[in-house]
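Here is a friendly walk through one protein model, taken piece by piece. Keep the picture beside the text and look up each residue as it comes along.

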Amino acid sequence: MVHRVGAEAWARNVLANRLPEPLCEHVITVADDGHEVGADRAHRALLEQELSDVLRGRMSGWDQAQVETFRAWRARHTGAGEGMAAVVGALQRAQAGALLLNTPVELPVRPWAGPEPIQIALSAADLESFGVLGFQEIPPGAALIRALVRTGAELVVVEREELPLEDGVGVLLRYTDPEAS
């Protein structure tokens, strides 16, 4: 049950009382921020740790299919790339369909980014050559996620043991450049 400021306690109680008997004893009222009402705010959201334990090491069917597609395309040397240079290049061209990221995350290079999300490069000189002003070196995760969201690419997190990637990152391309073939 969620407790919001101004919410009707009566409505919450009616709903709780109409639950099947086995569920009634498991009802906990939480604030809309996910913490138990009256609980110490330093505690994590309810069930967060339990869900994390259950889902650890599991991928959705779609993400698993993306990993398999990456493996196949990497074997054919087409439609996929790995390493920061390949990922940054694909994001610059809005060519990335999915970014694969190894966990634990250990990105070795800090990219440079301009004011626009796809203004990303491995060096300040690269951004200057593109005519970008007002750029800065930023944490790699932030730069990649920012460009990823802006271009509509997907993020697939995969354990390093399952699919080791150069620099801990890989990319599935939306399209391939015929001139690059």
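Ala113 has Ile120 as its bridge partner in β6. The strand names come from DSSP: strands are E runs of at least two residues, helices are H or I runs of at least four, and both are numbered from the N terminus. Strand β5 (residues 112-113) is joined to β6 by two bridges, and the two strands run antiparallel.

Strands of a sheet pair through backbone hydrogen bonds, either parallel or antiparallel.

## How to read the numbers

This is a predicted model, in which local features need pLDDT of at least 70 and side-chain atom pairs count only at pLDDT 80 or more, while totals for chains, interfaces and linings use all residues. Residues are numbered from 1 along each chain as its sequence is written, and side-chain values use heavy atoms, with hydrogens and water left out.

Now turn to β9 (169-173). Is this strand mostly covered or uncovered? It is mostly covered, with five of its five residues buried. Buried means under 20% relative accessible area, exposed means over 50%, and partly exposed is in between (1.4 Å probe, protein chains only). In a regular strand the side chains alternate between the two faces of the sheet. In β9, Val169, Val171 and Leu173 are buried on one side, and Gly170 and Leu172 are buried on the other.

Which strands pair with β9? Strand β3 (residues 80-82) pairs with β9 in the antiparallel sense over three bridges, and Gly81 stands opposite Val171. Five bridges join β4 to β9, again antiparallel, and here Leu100 faces Gly170 as its opposite number.

## The nonpolar cores

In soluble globular proteins, nonpolar side chains tend to be buried together. A nonpolar core is defined here as a set of buried Ala, Val, Leu, Ile, Met, Phe, Trp, Tyr and Cys residues joined through side-chain atoms within 4.5 Å. The largest one in this model has 20 residues, and Val87, Leu91, Leu144 and Val169 have the most contacts inside it. At least two residues each come from α5 (84-92), β4 (96-103), α7 (140-151) and β9. The largest share, five residues, is supplied by α5.

Leaving aside neighbours within four places in sequence, its contacts include Met84, Val87, Leu99, Leu107 and Leu144. Apart from this core lies another, of nine residues, among them Val67, Val158, Leu165 and Leu172.

Gln66 sits in helix α4 (residues 61-76). Gln66 counts as buried because its relative accessible area is 11%. Not counting residues up to four places away in sequence, Gln66 touches Ala98, Glu154, Val156 and Leu172.

Gln64 is in helix α4 too, but Gln64 is partly exposed, with a relative accessible area of 27%. With residues up to four places away in sequence left out, Gln64 touches Met59, Arg71 and Glu162. Gln64 and Val156 are 92 residues apart in sequence, yet their C-alpha atoms are 8.6 Å apart in space.

## Salt bridges

How many salt bridges does a search of the whole structure find? It finds two, where a salt bridge is a side-chain nitrogen of Lys or Arg within 4 Å of a carboxyl oxygen of Asp or Glu. One joins Arg71 to Glu68, with the closest N and O atoms 2.8 Å apart. These two residues are separated by about one helical turn because they are three residues apart in helix α4.

The other joins Arg74 to Glu82, with the closest N and O atoms 3.0 Å apart. Arg74 is partly exposed at 27% relative accessibility, and Glu82 is partly exposed with a relative accessible area of 23%.

Key
Contact means heavy atoms within 4.5 Å. Two strands pair if DSSP finds at least two bridges between them.
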